[in-house]
Amino acid sequence: MTEKTGITLTINGRDHAIRVEPRRTLADAIREDCGQTGTHIGCEHGICGACTVIVDGEPVRSCLMFAVQAAGKIIRTVEGLADGDRLHPMQEAFMQHHGLQCGFCTPGFLMLAVGVLEREPNISDDDLLDVLSSNLCRCTGYQNIVKAVRAAAAEMRGK
Amino acid sequence: MTAPAKFIGRSVPRLEDRPLLMGRGRFAADISFPSQLHMRVVRSGHAHGNILSIDTTAARALPGVHAVWTADDVADIPPIDFRLTRVEGLQPYRQRVLASGRVRYVGDPVAAIFAEDAYAAEDAADHVAVAVETLPAILRADDEPQEFLPGHSTEPAEVRKGYGDVDAAFRAAHSVVALELIIGRHSGVPMETRGAIARYDAGRDMLEMYGAAKVPHWNRDQIARLLGRAPSSVNLFECHVGGGFGVRGELYPEDVLVCAAALRFQRPVKWIEDRRENLIAANHSRQQIHRVRAAIDAEGRILAIDDEFFHDQGGYVRTHGATVPDLTAAMLPGPYRVPAYRARGHIRLTNKTPGGTYRAPGRFESTFVRERLLDAVAAKVGIDVVEVRRRNLITKSEMPFTRGLDTLGTDIVYDSGDYARLLDKALAAIGWDATQKKLHARRAAGEKVGIGLAMFVEKSGLGPFDGVHVKVEPSGTIELVTGAASVGQGVETVMAQICADTLGVHYTNVRVIHGQTDRIEKGFGAFASRVTVMTGEATRLAAVSLRAKALAAAAELMQTPVDALDIVDGEVVRTGGKAGPSMSLADLARTLTNSGGLAAEGRFEFNHMVYPYGVHVAVTRVDGDTGGVVVERFLVAYDIGRAVNPMLVEGQIAGGVVQGIGGTLYEEFLYDENGEPLCVSFADYLMPTAHETPRIEIILTEDAPSPLNPLGLKGAGEGGANAVGAAIAAAIDDALGQPGAVTQLPVSPQRLKAMLKSSS
């Protein structure tokens, strides 16, 4: 369990050659071994979704995946959303609609919403609400998150 | 002679957002130092018992384990003291940083592992063998008092408050309404768990802790005291904080342990709580049982309220002392006249997680009690739930209204308010009569739908003072340093808005520093909805002073009378847009570099609180088959005095409402008969998701600015949560057609089905 294996994680287009125990979670590897601390750990039970990242195009809970399982896959985290200083439409919409307060759950919501909308740009409002119900936020009461994601969805479709 | 408001009152975007959106936030877990050790706390698996032995041999032998501590290793560290509401008799119940002799709840820290890696520390924790002689778990706060600790009862103290001749009022009453009401055990449960990283710099003999929140200065002073150091040799640093809600940032055993370890090992020590720990070791709140009676006249006017309640404190009395029961007793009368009042709150120790505050502490509870009582009075005398409130509301002409009670060291004087007017606005906004008709028709068609309302008075802006330093940097940036803290609510933006308008700059040009004990000597942090009021006014005063200094200096340099000058967008210009020479604040600051620079301080002292107020209205639908409740509509009308940033105020309210919905319908920390906690993950402590959340309608009014500060500010943090339990309870009653059916929160499906069964 404690013997380390060499793997390469590809995060936001950059390769990170790291050595990890087989039991190390992807979330810990992204944060501790690759230094990308924008991905947050809220429960380690796969419930809150704060650690959501996009792996090979699918939003996944990085606390429920081992780092070794993600070797060779394309990983995207919140750090890769903006284009330099230009915010992604989803980030911009969260700011405009006050979709964040403390900001801890925000990276997870951003990656969840972006991942789903890239795959399903014309998702219905009801289905979107279903998807967003898979992550927890304790500050906003959700309505501004929902507003922001709907606004960003329209913006992303318009591109 | 300040500039007209450009930013105060406007929903400008937050200064905080950009780094948080880009993954550049720095939360506690994001802070690391070279060669740091990781701490893991070994926690009691027993609710109550005597520690016979703790065998750490196996844990110590594991690779990567640096040390294992038990109570003997920290015997020199005194228990953690009270920050608020110190009451005689509570001292013996304080918590030491590691349990000594006895464990008092599942989760009680008994040992601490220090290891090279977090995984290794967690492995080692599993190898610590704690032998405990178990004792029966004490789990009910309303049992007869018994021995809790050798020589100490389960009831260390009572909170007593009141005024008027309650007994005479009951003797003279037309009738009496009596209820027993129960509020469940909830907590704030921020999305970020707790965390603390300490390091010791021997070169400067300076101990530092990162991950502080809420009250960094008080915690700095306490850590210094507990570890026998001068406060000036300890600094605390607030990073980004992932939610507070009363829970986060109080001084806990783990904060002290990492500091003590960093000193002893001369290495940085990092502790990040996991979610299971967070749910059993961070403060719980709310759990109370009330036996309340109202004496009323024939028209439903309240003559007196008499409340006896039992406050389930859990296994220790922590930093909040008697705050929650004190606020419960003090705020229970709410917006009503209540000529005579008596509250007797029993603080009771139980073998559960210790209690502290949670957003609207003592108000979520007492509003539920008071508003259930009002609904019962209405039913008793056969009047409408709106009418019973109208008959009892304190009127605008009675303001300021001296309540005859005190709390948190202040006399309760409602500073301003027009409660009836806000009620009218709330009823108009929800369309009370039309909605009732619609619901009536739906009930006739077989649906279980109903509407309920609740009113409340909030409190905010606790002193004793706040200080703010502002200075114009040579770059032209305005640096504002405050001893307040941010738990994610938008402090930086709000302070920048107040400073910007007062001084005459753009708010994005103000850099707000908070939660850093090395930057300002004193600070009272962020709690009790105090920051916008206290820090806001201190900011305004500092900016007024800075503006006067800038204008005086500019007048001399520009050879122009002071009253002919103004500051607009960071430039000193001629008043009224007249042409003439101008000078930027940056240039002025550079010119003054050798004479102390361009800087000022503001200090606001305040011995009272300010009292916002609100109305909550809920429309609910009950599913008779599942016992589930859907909140179809939720409306909050709230008088904020003056909203600096309405978008952020509405954000506070919406967030509070959803936490309130959690506590009303879903969230409860349950225990089995041995005191084993049953809710230790998010799979069994159920917080609302987007699905359970209705669209929250918010009516923000500014009818009653506070007369106690020039901007008229009142606090925004807690009015969203305050009356949710009360309003939804009333709506469920209405849906079931059973007045007074809801007597316990949360209204779980099981409880709701029991109500349906009892009526059929």
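**Entry 1. Chain B overall**

I started with the contacts of chain B. Among those with a separation of 6 or more, 82% join residues 24 or more positions apart. I note here that the model is predicted.

Next I looked up burial. Of the 760 residues of chain B, 59% count as buried. I then took the secondary structure, and chain B comes to 18 helices and 31 strands.

I also checked the overall dimensions. Along the principal axes, the C-alpha atoms of chain B fill a box of roughly 85 × 70 × 50 Å.

**Entry 2. A helix pair in chain B**

I picked out helix H9 (residues 363-381) and helix H17 (residues 724-736), both of chain B. Their axes come within 8 Å and cross at roughly 35 degrees. I noted the hand of the crossing as right-handed for H9(B) passing H17(B).

Which residues make the contact? From H9(B) I listed B:Phe364, B:Thr367, B:Phe368, B:Glu371, B:Arg372 and B:Asp375. From H17(B) I listed B:Gly725, B:Ala726, B:Ala729, B:Ala730 and B:Asp733. By class, the contact of H9(B) with H17(B) has five nonpolar, two polar and four charged residues.

**Entry 3. Chain B against chain A**

I moved on to the contact between the chains. It takes 42 residues from chain B and 44 residues from chain A. On the side of chain B, the elements that give two or more residues are helix H1 (17-21) and helix H16 (646-666). H16(B) has the largest share, six residues. I sorted the side of chain B that touches chain A by class and got 21 nonpolar, 14 polar and seven charged residues.

**Entry 4. The domains of chain A**

I looked up the domain assignment of chain A. It gives domain 1 (5-80) and domain 2 (89-158). Their C-alpha centres lie 21 Å apart.

How many residues of each domain are in contact? I found 15 residues of domain 1 in contact with 13 residues of domain 2. On the domain 1 side, strand E3 (52-55) and strand E4 (58-61) of chain A are the elements that give two or more residues. E3(A) gives the largest share, three residues. By class, this side of domain 1 has seven nonpolar, seven polar and one charged residues.

How values were computed:
Residues numbered from 1 in each chain as written. Chains lettered and ligands numbered in written order. Predicted model: local features only at pLDDT ≥ 70, side-chain atom pairs only at ≥ 80, totals over all residues. Axes fitted to C-alpha atoms, helices over the stretch in contact; angles between N-to-C directions. Helix = DSSP H or I, 4+ residues; strand = E, 2+ residues; numbered from the N terminus. Left-handed = near helix turned anticlockwise from the far one by under 90°. Contact = placed C-beta atoms within 7 Å. Nonpolar A, V, L, I, M, F, W, Y, C, P; charged D, E, K, R; others polar. Domains from an automatic or database assignment. Buried ≥ 20, exposed ≤ 12 C-beta atoms within 10 Å, placed from the backbone.
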